[in-house]
Amino acid sequence: QVQLVESGGGLVQPGGSLRLSCAASGRIFSIDAMGWYRQAPGKQRELVASVTSGGSRNYTDSVKGRFTISRDNAKNTVYLQMGSLKPEDTAMYYCHARLRRFIVLPSQDYWGQGTQVTVSS
């Protein structure tokens, strides 16, 4: 089995910073992309940022210039550095990985359990 284990969420004041981490473990042949999604109460889950194995990054417009995604391929770990946080960033943040467990299998999507980020004074 594959597990995605997130850490780093919490309560932070507006304008503050947080760093999320997500490590993928288990039998993994290759990882195509890793990223972060978020879901606020009453809203749909949305992509926050993603990074491919080649280093291409994608951000949703609302976090551009404030969040930075990075990846350690050797550790199968993805990070999300969040700065200038706003109350509207409050959500459950989910780690996502599109990976292949074995060379003979197609890539599949895997999700972490989520880590809560709350931005409030």
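A salt bridge is taken here as a side-chain nitrogen of Lys or Arg within 4 Å of a carboxyl oxygen of Asp or Glu. By this rule the structure holds five salt bridges. The structure is a predicted model, in which local features need pLDDT of at least 70 and side-chain atom pairs count only at pLDDT 80 or more, while totals for chains, interfaces and linings use all residues. Residues are numbered from 1 along each chain as its sequence is written, and side-chain values use heavy atoms, with hydrogens and water left out.

Secondary structure was assigned from DSSP runs, with helices (H or I, at least four residues) and strands (E, at least two) numbered from the N terminus. Residues are called buried under 20% relative accessible area, exposed over 50%, and partly exposed in between (1.4 Å probe, protein chains only).

Among the salt bridges, Asp89 pairs with Arg38, and the closest N and O atoms are 3.0 Å apart. Asp89 lies in the loop between strand S8 (77–82) and S9, and Arg38 in strand S4 (residues 30–39), so this pair ties together parts that are 51 residues apart in sequence. Both Asp89 and Arg38 are buried. Asp89 also forms a salt bridge with Arg66, where the closest N and O atoms are 2.8 Å apart. Because Arg66 lies in the loop between strand S6 (57–59) and strand S7 (67–72) and Asp89 in the loop between S8 and S9, the pair ties together parts that are 23 residues apart in sequence. Arg66, like Asp89, is buried. Through shared partners, salt bridges join Arg38, Glu46, Arg66 and Asp89 into one network. Another salt bridge links Lys64 to Asp61, with the closest N and O atoms 3.0 Å apart. Here Lys64 is partly exposed, with a relative accessible area of 48%, and Asp61 is exposed, with a relative accessible area of 61%.

Strand pairing was examined next; two strands pair if DSSP finds at least two bridges between them. S1 and S3 pair in the antiparallel sense over six bridges, and Val5 has Ala23 in S3 as its bridge partner. S3 and S8 are likewise antiparallel, over six bridges, with Val78 in S8 as the bridge partner of Cys22. S8 also pairs with S7 in the antiparallel sense, over six bridges, and Ser70 stands opposite Tyr79 in S8. S7 and S8 form a hairpin with four residues between them, and Asn76 in the turn has a positive phi of about 50°.

In a regular strand the side chains alternate between the two faces of the sheet.

In soluble globular proteins, nonpolar side chains tend to be buried together. A nonpolar core is defined as a set of buried Ala, Val, Leu, Ile, Met, Phe, Trp, Tyr and Cys residues joined through side-chain atoms within 4.5 Å. The largest such core has 30 residues, and those with the most contacts inside it are Trp36, Leu80, Met82 and Tyr93. Two or more residues are given to this core by each of strand S1 (2–7), strand S3 (18–26), S4, strand S5 (46–52), S7, S8, S9 and strand S11 (115–119). The largest share, five residues, comes from S9.

Val2, in strand S1, counts as buried at 12% relative accessibility. With contact meaning heavy atoms within 4.5 Å, Val2 touches Ser25, Arg27, Ile28, Leu99, Arg101 and Tyr110, not counting residues up to four places away in sequence. Val2 and Trp111 are 109 residues apart in sequence and 9.4 Å apart in space, C-alpha to C-alpha.

On the surface, Phe29, Phe102, Ile103, Val104 and Leu105 form a nonpolar patch with about 490 Å² of accessible area together. Patches are made of residues with over 30% relative accessible area and no salt bridge, with like charges joined within 9 Å and nonpolar side chains (Val, Leu, Ile, Met, Phe, Trp, Tyr) within 5 Å. Accessible areas come from the Shrake-Rupley method with a 1.4 Å probe; for residues, only the protein chains shown count as cover. Ile103 is placed in the loop between strand S9 (91–100) and strand S10 (108–111) and counts as exposed at 57% relative accessibility. Phe29 lies in the loop between S3 and S4 and is partly exposed, with a relative accessible area of 46%. Phe29 touches Arg100, Arg101, Phe102 and Ile103, not counting residues up to four places away in sequence. The C-alpha atoms of Phe29 and Leu105, 76 residues apart along the chain, are separated by 9.6 Å.
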